[in-house]
There are 4 protein chains.
Amino acid sequence: MRSDALRRRENILRVARELFAERGAQIAMETIAEASGVGIGTLYRNFADRLALVEEVTLVMLEDIRSASQQAIERLDANEAEGWDVLLDSLIEQNLGALSEALGLQLPKKVSPRILEAQAEASRTLNSALGLAKNAQLVRADISGLELIATVGSITRPMPRAFSNSQPGLEERIVQIMRDGLRPQPAQN
Amino acid sequence: MRSDALRRRENILRVARELFAERGAQIAMETIAEASGVGIGTLYRNFADRLALVEEVTLVMLEDIRSASQQAIERLDANEAEGWDVLLDSLIEQNLGALSEALGLQLPKKVSPRILEAQAEASRTLNSALGLAKNAQLVRADISGLELIATVGSITRPMPRAFSNSQPGLEERIVQIMRDGLRPQPAQN
Amino acid sequence: MRSDALRRRENILRVARELFAERGAQIAMETIAEASGVGIGTLYRNFADRLALVEEVTLVMLEDIRSASQQAIERLDANEAEGWDVLLDSLIEQNLGALSEALGLQLPKKVSPRILEAQAEASRTLNSALGLAKNAQLVRADISGLELIATVGSITRPMPRAFSNSQPGLEERIVQIMRDGLRPQPAQN
Amino acid sequence: MRSDALRRRENILRVARELFAERGAQIAMETIAEASGVGIGTLYRNFADRLALVEEVTLVMLEDIRSASQQAIERLDANEAEGWDVLLDSLIEQNLGALSEALGLQLPKKVSPRILEAQAEASRTLNSALGLAKNAQLVRADISGLELIATVGSITRPMPRAFSNSQPGLEERIVQIMRDGLRPQPAQN
DNA sequence: TATGAATGAGAATTCATTCAT
DNA sequence: AATGAATGAATTCTCATTCAT
């Protein structure tokens, strides 16, 4: 049962992450439970309250950033320039923004030490990757890991329907603008 | 009396817009009423329900975009290049993103015809301004008005605290990246 | 409507007081609302949360103690010895204990200033009445107002059913023992 | 194994009794299980539901009363007058009130035959002790065993904080009043 | 017409009890 | 037989909306 329970817990986390991303931070706990195929009691047995769930999902997200950065480092070290694009794609695909939206709005003033630590670790690794990419002229020199995350996060949040309804593929165009903004920039006069 | 009522209504709209932008889409109707200095009953007399209020605020926002675009057209027509920057600044300062966030997440699948029309009108005017700016090499050629609005909107939404706490001025850096992305881009190989 | 609403509020207080006394501190807020003939929302509009309701009921109780004490003072001043018995009966009849049970168990560590003040005022008045009763040899000399309230309170709390079921009138017997304990006591050797 | 299981069961009972007395009737079953060092499943294996546990604890309490009474009888038979005080102290120290509070409020209208029987047995023994004490002029003549239990129970229940905070030693003063009330009383005119 | 009191559905959370291992 | 995970009903509280004055 140990492994059973663990699997269930992991599943709740995965489902919660998706729902936060797709339907916003206000998604009802009951909806998350239902979508996870468990009772509301089980959800609360695994995560003491909404904030606890939010924090766990955040940790997963930060770990994903760290691990994607680590892979990028390895490829960039091997002079594979596409390592950078893969990292960027990965950050974008994670729905990083939608998620951090959901999370950020409800994390309390005092962010927990576990999150701070994971955030520091993710930043550190991402900055290493960024350093290599900058050396390879793949990205503008004046951007930090945190700024990159915040930028990707801003761009990948769910779009107001009034906009996204009007033009299919709108999200992709915005991503393209961001990609261009991230490139090494010509000197301004 | 008519003008009294009209002024009250305008005031509710202004207050609602600010509160949506500052405190998010979840702001309680009662809070809006209170901040507007009217009773909750009066709020509902003016706006049938929450959705109606949201739609009206959206219309105001779209009209602001249209009018800022119109002013930009006049300046660009007069060969004042800063007309473009003024327009961009205006879109950014409107807290367009924070607002559209609040609004967009609750507009239903079927956006009302009035909104579609106002959006079309805003787009049209903005596209004219954009055309002039493109001719003047102030902005990349492959961007539409809707895409510009969506981009500014994405970028100016409130930032998760976990991020903005870590680095003062983070928002400005992201805006800068967007500005660079909006510029005419060098051809990619 | 002002008076309507006030009447409703008073009624909720009265009902809550009775239910706390009869059915204990855990009585559901919904039950109180129902018994008051109002919706749960109305209960919460009048009393921000359970604690607020508890505090208001406590204030009413303390005021009742004060006013009964005041009447006793007047009668004792007029040399009417039964003033004392009337006061004691009044404290007993109020279901003082059942109520203070309900209240006391959930009042927070920090009792609100309003309650402290009402308590001080009730104590002051009750102590004055007690002083007169002591002079008249109606009550033992070594008891304070607070002790009297606590004693009456202890005695008039709801009795475990296993006991009260077994002997009708059990409560009255216990009250009698308390009355005797409150009288001036013969010196102990 | 049998004795192992028995010991476990006894331990749960002991712990439950303490928790009911110290922390009130609302204590969670899970808390009782944890404090007993067993899983919640084991608790339920031993006691079908909360009521069953409550009833068993009540039986233990009644048995304690019986046995303290029996000891008192022996001492009073031997003309040791302090046998009475020891019995009274014992009832007081058992936290009889706190416990019966917790228990009494949740026993159903129909008390189980086992409890009625144990209560009868405890009453019988206590009444014998009382008879001897009355003969020795240690206690008022007009009190029954059940009344004594109920009186001690009333007096030893936990005090509302608003009261006990105000005066250290308040509980002891109330006990003293009860002791005086239990003594042989002078004839009233 | 303006007000704000009343309503009740919905959301978060707790906990007694059941059940799979 | 012991364990503790799962369940869902019950409870507190919030807030959009209605309605009496």
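**View 1. Helix H5 of chain C, end to end.** Helix H5 of chain C covers residues 82-93 in this predicted model. Its 12 residues, at 1.5 Å a residue, should span 16 Å. The end C-alpha atoms are 16 Å apart, which agrees. Several residues of H5(C) are buried: Gly83(C), Trp84(C), Leu87(C), Leu88(C), Ser90(C), Leu91(C) and Ile92(C). Asn95(C) follows H5(C) and has a positive phi, near 60 degrees.

**View 2. Helices H4 and H5 of chain A.** Two packed helices are described by the angle and the distance between their axes. Here H4(A) spans residues 50-77 and H5(A) spans residues 82-93. Their axes come within 8 Å and cross at roughly 170 degrees. Angles over 145 degrees count as roughly antiparallel, so H4(A) and H5(A) are roughly antiparallel to each other. From H4(A), the contact includes Ile65(A), Ala68(A) and Leu76(A). The contact residues divide into 8 nonpolar, 3 polar and 2 charged.

**View 3. The annotated span of chain A.** An unreviewed UniProt entry lists residues 28-47 of chain A as "DNA-binding region". This span is 75% helix and 0% strand. Its end C-alpha atoms lie 14 Å apart.

View 4. Most residues other than glycine have a negative phi. Gln137(A) has a positive phi, near 60 degrees. Gln137(A) sits in the loop between helix H7 (113-135) and helix H8 (145-155) of chain A. At 57% relative accessibility, Gln137(A) counts as exposed. In chain D, phi of Gln137(D) is also positive, near 60 degrees. Gln137(D) lies in the loop between H7 (113-135) and H8 (145-155) of chain D. Gln137(D) is exposed, with a relative accessible area of 58%.

Terms used. Residues are numbered from 1 along each chain as its sequence is written. Chains are lettered from A and ligands numbered from 1 in the order in which they are written. This is a predicted model: local features need pLDDT of at least 70, side-chain atom pairs count only at pLDDT 80 or more; totals for chains, interfaces and linings use all residues. Side-chain values use heavy atoms; hydrogens and water are left out. UniProt positions are given in the numbering used here, feature names are shortened, and annotations may be inferred rather than shown by experiment. Helices (H or I, at least four residues) and strands (E, at least two) are DSSP runs, numbered from the N terminus. Axes are lines fitted to C-alpha atoms, for helices over the stretch in contact, and angles run from 0 to 180 degrees between N-to-C directions. Angles under 35 degrees count as roughly parallel, over 145 as roughly antiparallel, 65 to 115 as roughly perpendicular and the rest as oblique. Contact means heavy atoms within 4.5 Å. Ala, Val, Leu, Ile, Met, Phe, Trp, Tyr, Cys and Pro count as nonpolar, Asp, Glu, Lys and Arg as charged, and the others, Gly among them, as polar. The expected span of a helix is 1.5 Å times one less than its number of residues. Buried means under 20% relative accessible area, exposed over 50%, partly exposed in between (1.4 Å probe, protein chains only).
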